[in-house]
Amino acid sequence: MGTPKLSFVKLGLFVVTGSVLLILAAYLIGSEQKMFSRTFELTTVFNNVGGLQVGNNVRYAGINAGTVRAITMETDTTIRVYMRIDTELQSHIKKDALAMVGSDGLVGSMLINIIPGNGPAQPVDSGDEIRSFSRISTQDMLTTLNVTNENAALLTADLLTITQSIRTGSGVLGKLLNDSTLARDLQESVRNLKLTTAQSNEALTRLNRKISELRFEDSALALLLDDPEFSEQIRSLVSGLDSSGQDIRRLTRRLDGLAGSLEAGEGTLGVLLRDSTAARNLQSSLQHLDSGLQKFDQNMEALKHNWLTRGYFRKLERQQQ
Amino acid sequence: MNNVASIKDRVYLFLAEIGELAAFAGRFFREVARPPYEFRELLRQCYQVGNRSLTLVLVTGFIIGLVLTLQSRPTLIEFGAVSWMPNMVGISIVREIGPVITALICAGRIASGMGAELGSMRVTEQIDAMEVSGTNPFKYLVATRILATTLMLPLLVVFGDLIALFGSALVENLKGAVSFRLYFNTVFEALSYGDLIPATVKSFFFGFVIGLVGTYKGYYCKKGTAGVGKAANTAVVIASLLLFFVDFVAVFVSDIFYDL
């Protein structure tokens with residue numbers, strides 16, 4: 001028998017610990033299924049639950065909110081799903097929330113995702129039915145993927161042709177990639193463009209500075225731009241200029257006519273200009289006139305000293321003085 | 001002709017053994033329900049079965065959890081499913097590995113012990129002496145032992161499961177940087193009552209089988225020292241075999257009830 005008392009204590013410890021662990025495990029499993037927390041019920045209707053089972057998780061905005069309590073066939077096309085949801089979340093789930101059958105990862109078990117609605121709405125009450133959304137099935141997804149794949153194949157074929165032509169150096173892009181001269185030229189152009197831009201930038205800055213330095217108020221430009229009286233004057237000046245211009249044009253036309261007649265040798269002046277004989281005659285006439293006038297001067301001098309006329313000249317001199 | 005006769009004899013013996021075992025079990029139920037109750041002996045046997053086996057169960061469970069995780073890791077990593085380790089290990093240990101390993105260890109330790117103990121008591125005519133002195137040897141020796149194994153094995157399974165999960169969590173924690181809290185959260189999320197309840201019920205049957213076979217073999221031990229050894233040996237072999245049979249039936253039945 002040994003020491004029965006101690007062995008009984010040990011046995012008691014063993015039994016109590018084992019039982020507590022078993023109950024704890026049961027509690028933890030149950031609490032994961034929201035069996036011991038206060039819950040309320042929501043329902044929703046699907047056309048296809050995709051293998052959903054009683055006990056599967058219900059998630060609201062990604063957090064575990066409860067479990068599926070029951071799944072019943074309502075009519076031949078509608079399936080009603082009853083969900084047990086944690087009461088703590090009741091105030092957060094609104095009446096416009098959407099229920100959706102999903103799966104936990106690619107190979108995970110099925111679950112119901114409740115997605116918050118968009119607008120403001122009242123919180124759900126116990127036993128409410130929320131709207132459901134049938135997600136596209138895997139088959140639909142694969143069909144779409146198939147079309148996408150075909151398109152992708154066509155696209156890659158096109159891309160291949162493009163890249164090949166680029167590699168062989170045909171077309172602008174190919175030249176750009178393969179022709180080093182073109183590349184260098186392009187580089188040079190870009191460098192020049194950069195330089196030009198810098199210079200024009202500098203010029204603009206300088207111009208800007210000049211403009212800002214101008215004392216606009218006192219300048220002629222201000223007068224030109226702002227004074228209405230002056231503008232009136234300018235306008236009359238311009239109109240005067242205009243009429244003057246017309247006059248000048250008329251004069252020019254007349255001068256033109258004159259010049260034309262001169263050219264043609266009409267009139268005295270025309271003859272003089274055009275007829276060399278007349279000119280020569282005129283020249284000799286002038287020479288004769290000149291010698292005539294010299295002789296006349298001599299005669300006048302002689303007259304001054306003549307006693308008959310001397311008195312008259314002296315009287316003239318005195319009057320002049 | 002000789003062969004046919006021997007096969008016939010073997011079948012006959014086999015059926016006789018099953019019949020005797022069934023009658024023994026029936027006698028147990030009759031005796032255990034009828035007063036007076038041997039509480040003190042029951043507690044002593046519980047201590048022998050429960051506390052004395054605990055260390056062995058803990059060590060084995062820990063190593064099983066450790067090894068199971070280490071062995072599955074490379075394959076799960078290959079499939080990119082290493083995050084499912086707690087689910088896989090949790091479900092397999094709680095549903096099957098924990099109860100079966102614990103039961104097998106107890107079959108080795110307890111059934112053989114009982115076979116040898118009762119066998120030597122039979123051989124040394126202590127059981128006959130008890131009958132003469134007015135004490136019901138079946139009630140005192142057999143019923144208490146079977147009841148003790150039936151009650152203690154589920155508790156041992158709980159300890160074994162927990163320590164195996166702890167060993168698995170330790171590996172995940174060291175190799176995969178998974179925190180203990182995340183590990184056990186995932187395990188309990190993966191488990192359901194459909195895993196825990198059938199496994200626990202199954203453990204009661206395992207305990208009953210171990211006690212039943214151990215005491216049966218010892219109680220009906222043949223005369224002589226060789227008989228004691230044979231009783232201990234066959235107790236372990238038959239108990240282990242019966243365990244797997246009961247396990248199969250239990251899984252079969254729980255599948256019907258839990259539809260899993």
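The largest nonpolar core has 71 residues. B:Val209, B:Ile210, B:Val213 and B:Ala239 have the most contacts inside this core. Seven helices each supply at least two of its residues: α1 (4-32) of chain A, and α2, α3 (85-123), α5, α6, α7 and α8 (225-258) of chain B. The biggest giver is α5(B), with 19 residues. All of this describes a predicted model.

Take B:Val213 as a way in. Leave aside its neighbours within four places in sequence, and B:Val213 is in contact with B:Ala111, B:Ala235, B:Ile238, B:Ala239 and B:Leu242. One of these partners, B:Ala239, is itself among the residues with the most contacts inside the core.

There is also a second, separate core. This one has 19 residues, including A:Tyr60, A:Met83, A:Ile93 and A:Ile130.

Now look at chain B as a whole. Which elements build it? Chain B has eight helices and zero strands. Read from the N terminus, its elements run α-α-α-α-α-α-α-α. Of its 260 residues, 42% are buried. Take the contacts in chain B with a separation of 6 or more: 87% of them are between residues 24 or more positions apart.

How do α5(B) and α7(B) pack? Their axes lie 7 Å apart, at an angle of about 145 degrees. The crossing of the two helices is right-handed. On the α5(B) side, the residues that meet α7(B) include B:Val142, B:Ile146, B:Leu151, B:Met152 and B:Val157. On the α7(B) side, they include B:Phe204, B:Phe206, B:Phe208, B:Ile210 and B:Leu212. Sorted by class, this contact has 14 nonpolar, seven polar and one charged residues. B:Arg145 is one of the residues that α5(B) brings to the contact. B:Gly207 and B:Gly211 are among those from α7(B). B:Ile210 links this pair to the core: it meets α5(B) from α7(B), and it is among the residues with the most contacts inside the core.

Next, move to the end of chain B. B:Phe257 sits in helix α8 of chain B. Is this residue buried or exposed? B:Phe257 is exposed, because 11 other C-beta atoms lie within 10 Å, and a residue with 12 or fewer counts as exposed. The C-alpha atom of B:Phe257 is 9.0 Å from that of B:Gly194. Along the chain, these two residues are 63 residues apart.

Where do the chains meet? The contact takes 17 residues from chain B and 17 residues from chain A. On the chain B side, α2 (39-78), α5 (137-176), α6 (180-190) and α7 (193-219) each supply at least two residues. The largest share comes from α2(B), with seven residues. By class, the chain B side divides into twelve nonpolar, three polar and two charged residues.

Chain A has another make-up. It has nine helices and seven strands. Buried residues make up 11% of its 321 residues. Among its contacts between residues at least 6 apart in sequence, 53% join residues at least 24 apart.

The strands of chain A form a barrel. Seven strands close in the order β1-β4-β3-β2-β6-β5-β7, with mixed pairing. From one strand to the next, the twist averages 35 degrees.

Follow part of that barrel strand by strand. Start with β2 (residues 57-60) and β3 (residues 63-73) of chain A, which pair in the antiparallel sense over four bridges. In β3(A), A:Thr67 is the bridge partner of A:Asn57. The two strands form a hairpin with two residues between them. In the turn, A:Ala61 has a positive phi of about 50 degrees.

What is the sense of the pairing between β2(A) and β6(A)? These two strands pair in the parallel sense, over three bridges. Here A:Arg59 stands opposite A:Asn113 in β6(A).

Finish with β5 (residues 98-103) and β6 (residues 110-115) of chain A. They pair in the antiparallel sense over six bridges. In β6(A), the bridge partner of A:Met100 is A:Asn113.

Technical notes:
Residues are numbered from 1 along each chain as its sequence is written. Chains are lettered from A and ligands numbered from 1 in the order in which they are written. This is a predicted model: local features need pLDDT of at least 70, side-chain atom pairs count only at pLDDT 80 or more; totals for chains, interfaces and linings use all residues. Two residues are in contact if their C-beta atoms, placed from the backbone, lie within 7 Å. Ala, Val, Leu, Ile, Met, Phe, Trp, Tyr, Cys and Pro count as nonpolar, Asp, Glu, Lys and Arg as charged, and the others, Gly among them, as polar. Axes are lines fitted to C-alpha atoms, for helices over the stretch in contact, and angles run from 0 to 180 degrees between N-to-C directions. A crossing is left-handed if the near helix is turned anticlockwise from the far one by less than a right angle, and right-handed if clockwise. A residue is buried if 20 or more other C-beta atoms lie within 10 Å of its own, exposed if 12 or fewer, and partly exposed in between; C-beta atoms are placed from the backbone. A nonpolar core is a set of buried Ala, Val, Leu, Ile, Met, Phe, Trp, Tyr and Cys residues joined through C-beta atoms within 7 Å. Two strands pair if DSSP finds at least two bridges between them.
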